[in-house]
Amino acid sequence: MPIIQLSDPEQAAPTSCGVIVFRIDPQTGDIDGTFALAQYNGELARETGERIKGTPGDFAGTYRVTTLRPDGTKFAEGFMLARPLGQEGVYLVRWDLEPVEEALLELGYVPETRLIYEAIGMKLKGGAEVAVAWDNNVFARRWPGSSPP
């Protein structure tokens with residue numbers, strides 16, 4: 001069988017993918033995540049979340065989240081919902097984020113645009129952490145004045 005070269009190692013990183021590892025506080029259920037987004041060129045960023053619905057110690061629930069850039073400045077605030085998928089520690093995850101005005105300008109969007117992402121995650125370390133991966137090419141924008149998805 002011939003060897004097929006899948007990609008050129010000199011090419012830039014793809015800009016559409018990302019992964020986050022959330023650590024779950026067993027007492028409060030709050031989350032603290034470190035993420036890699038290809039467009040950040042290898043620099044790590046953070047997302048924190050306060051549990052507003054769900055059982056502490058379990059990732060499933062609703063969170064009020066803040067997303068930070070690698071330099072620590074705020075990118076967005078909003079909500080994240082995680083629900084179990086099956087019995088193997090897999091979750092469907094959805095974000096509804098409102099980027100700060102500066103981020104909207106950088107992205108070329110009008111004020112009050114919301115970003116809605118869907119992803120899949122799985123438990124790590126017996127549920128103390130959850131890894132979630134997404135593709136930035138697969139998201140929706142809710143324009144000001146439009147109805148929720």
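Analyst: A residue counts as buried when its relative accessible area is under 20%, as exposed when that area is over 50%, and as partly exposed in between. Please keep in mind that this is a predicted model.

User: Into which class does Lys 74 fall: buried, exposed or partly exposed?

Analyst: Lys 74 has a relative accessible area of 34%, so it is partly exposed.

User: With which residue does Lys 74 form a salt bridge?

Analyst: The partner of Lys 74 is Glu 77, and their closest N and O atoms are 3.1 Å apart. Glu 77 is also partly exposed, at 39% relative accessibility.

User: What share of the residues is buried?

Analyst: Of the 149 residues in the protein chain, 37% are buried. The accessible surface comes to about 9,200 Å², and carbon and sulfur atoms account for 55% of that surface.

User: Which parts of the chain does the pair of Arg 69 and Glu 102 tie together?

Analyst: Arg 69 lies in the loop between β4 (61–68) and β5 (74–85), while Glu 102 belongs to helix α1 (residues 101–107), so the pair connects parts that are 33 residues apart in sequence. Arg 69 is buried, with a relative accessible area of 11%, whereas Glu 102 is partly exposed at 48%.

User: And the salt bridge of Asp 96: what is its partner?

Analyst: Asp 96 meets Arg 114 in a salt bridge, at 2.7 Å from N to O. The pair links distant parts of the chain, since Asp 96 sits in strand β6 (residues 90–99) and Arg 114 in strand β7 (residues 114–124), 18 residues apart. Both Asp 96 and Arg 114 are buried.

User: How do β6 and β7 pair, and over how many bridges?

Analyst: β6 and β7 pair in the antiparallel sense over eight bridges. As an example, Tyr 91 has Gly 121 in β7 as its bridge partner.

User: Which other residues have a positive phi?

Analyst: Asn 41 is one of them, with a positive phi of about 50° although it is not a glycine. Asn 41 lies in the loop between β2 and β3 and is exposed, at 67% relative accessibility. Glu 112 also has a positive phi, of about 75°; Glu 112 is in the loop between α1 and β7 and is exposed as well, at 55%.

User: New topic: which residues touch the most other members of the largest nonpolar core?

Analyst: That core has 29 residues, and those touching the most other members are Phe 22, Phe 59, Met 80, Val 93, Trp 95, Val 132 and Trp 134. At least two core residues come from each of β1 (17–24), β2 (31–37), β4, β5, β6, α1, β7 and β8.

User: What is Phe 22 in contact with?

Analyst: Leaving aside neighbours within four places in sequence, the contacts of Phe 22 include Ile 31, Phe 59, Met 80, Trp 95 and Val 132.

User: Finally, is Ala 45 buried or exposed?

Analyst: Ala 45 is buried, with a relative accessible area of 3%. Its place is in strand β3 (residues 44–54). Not counting residues up to four places away in sequence, Ala 45 touches residues including Gly 33, Tyr 40, Leu 68 and Arg 69. The C-alpha atoms of Ala 45 and Gly 33 are separated by 8.3 Å, and the two residues are 12 residues apart along the chain.

Notes
Residues numbered from 1 in each chain as written. Predicted model: local features only at pLDDT ≥ 70, side-chain atom pairs only at ≥ 80, totals over all residues. Heavy atoms only, no water. Buried < 20%, exposed > 50% of the residue type's maximum accessible area, 1.4 Å probe, protein only. Areas by Shrake-Rupley, 256 points an atom, 1.4 Å probe, with all protein chains shown as cover. Helix = DSSP H or I, 4+ residues; strand = E, 2+ residues; numbered from the N terminus. Salt bridge = Lys/Arg side-chain N within 4 Å of Asp/Glu carboxyl O. Contact = heavy atoms within 4.5 Å. Pairing = 2+ DSSP bridges. Core = buried A, V, L, I, M, F, W, Y, C linked by side-chain atoms within 4.5 Å.
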